[in-house]
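Please read the following points with the sequence and the coordinates open beside you.

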Amino acid sequence: MGPPISLGPDLAALLEPDTDIKVKHGVIGLLKHLAQSQGNRAALGQAGIIQKLAASQIWGEKADMVEIVQVAAIGVAKHMCNGDSKRAR
C-alpha cells in the first residue's frame, strides 16, 4: 500500500463514530483482507487503523447488535499485531 496508491488514511477516515454501520462493515471487511498481507501492515499502522477502530465505537454497547462487524474488527487488530517482532522493538 505504498506510493502511488495508499488507501490506509482514506479508510481510517471512514471509521468515525458517527459513520453508518453499513459503511463501517464494508471498510472493516476490506481492512481485514488488507491486513492479512504483512506487506500492508506498516502502511495501515501508519494510518492509525487500530486507534481508529478503537475510537469508532465498534466495540461499544450500541454496536453489540452487529457482532459480525465486531468480530471482523478484532480480526483486523489481530492481523495488525501479528507482525515482525524484530521490527516492533
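1. The side chain of Arg41 reaches the backbone oxygen of His79 at 3.1 Å, a polar contact in the sense of a pair of N or O atoms within 3.5 Å, where within protein one atom must be able to donate a hydrogen and the other to accept it, and where residues adjacent in sequence count only if both atoms are side-chain atoms. Arg41 belongs to helix α3, residues 38–46, helices being DSSP runs of H or I with at least four residues and strands being runs of E with at least two, numbered from the N terminus. With a relative accessible area of 13%, Arg41 is buried; buried means under 20% relative accessible area, exposed over 50%, and partly exposed in between, with a 1.4 Å probe and protein chains only.

2. A word on the basis of these values: this is a predicted model, in which local features need pLDDT of at least 70 and side-chain atom pairs count only at pLDDT 80 or more, whereas totals for chains, interfaces and linings use all residues. Residues are numbered from 1 along each chain as its sequence is written, and side-chain values use heavy atoms, with hydrogens and water left out.

3. Which residues of α3 are buried? They are Asn40, Arg41, Ala43 and Leu44, and what covers them includes α1 (8–13), α2 (21–36), α4 (49–55) and α5 (67–81). Ala43 has a relative accessibility of 17% and therefore counts as buried; its C-alpha atom is separated by 8.7 Å from that of Leu7, 36 residues apart along the chain. After α3 comes Gly48, whose phi is positive, near 75°.

4. At the level of the whole chain, there are six helices and zero strands, and the order from the N terminus on is α-α-α-α-α-α. Of the 89 residues, 35% count as buried. Contact means heavy atoms within 4.5 Å, and among the contacts in the chain with a separation of 6 or more, 63% are accounted for by residues 24 or more positions apart. The chain exposes about 5,700 Å², of which carbon and sulfur atoms supply 57%; such accessible areas come from the Shrake-Rupley method with a 1.4 Å probe, and for residues only the protein chains shown count as cover.

5. The largest nonpolar core has 19 residues, a nonpolar core being a set of buried Ala, Val, Leu, Ile, Met, Phe, Trp, Tyr and Cys residues joined through side-chain atoms within 4.5 Å. Each of α1, α2, α4 and α5 supplies at least two residues of this core. The residues with the most contacts inside the core are Ile28, Leu31, Leu44, Ile49, Leu53 and Val76. Leaving aside neighbours within four places in sequence, Ile28 is in contact with Leu15, Leu53, Ile58, Val69, Ala72, Ala73 and Val76. As background, nonpolar side chains tend to be buried together in soluble globular proteins.

6. How many salt bridges does a search of the whole structure find? The search finds one, a salt bridge being a side-chain nitrogen of Lys or Arg within 4 Å of a carboxyl oxygen of Asp or Glu. The side chains involved are those of Glu16 and Lys52, at 2.5 Å from N to O. The pair links distant parts of the chain, 36 residues apart, with Glu16 in the loop between α1 and α2 and Lys52 in helix α4. Both partners count as partly exposed, because the relative accessible area of Glu16 is 31% and that of Lys52 is 23%. Ala55, also in helix α4, lies 39 residues from Glu16 in sequence and 7.2 Å from it in space, C-alpha to C-alpha.

7. The buried residues of α5, including Val69, Gln70, Val76 and His79, pack against α2, α3 and α4. Gln70 counts as buried because its relative accessibility is 10%, and, not counting residues up to four places away in sequence, Gln70 touches Ile58, Trp59, Gly60, Ala63 and Asp64.
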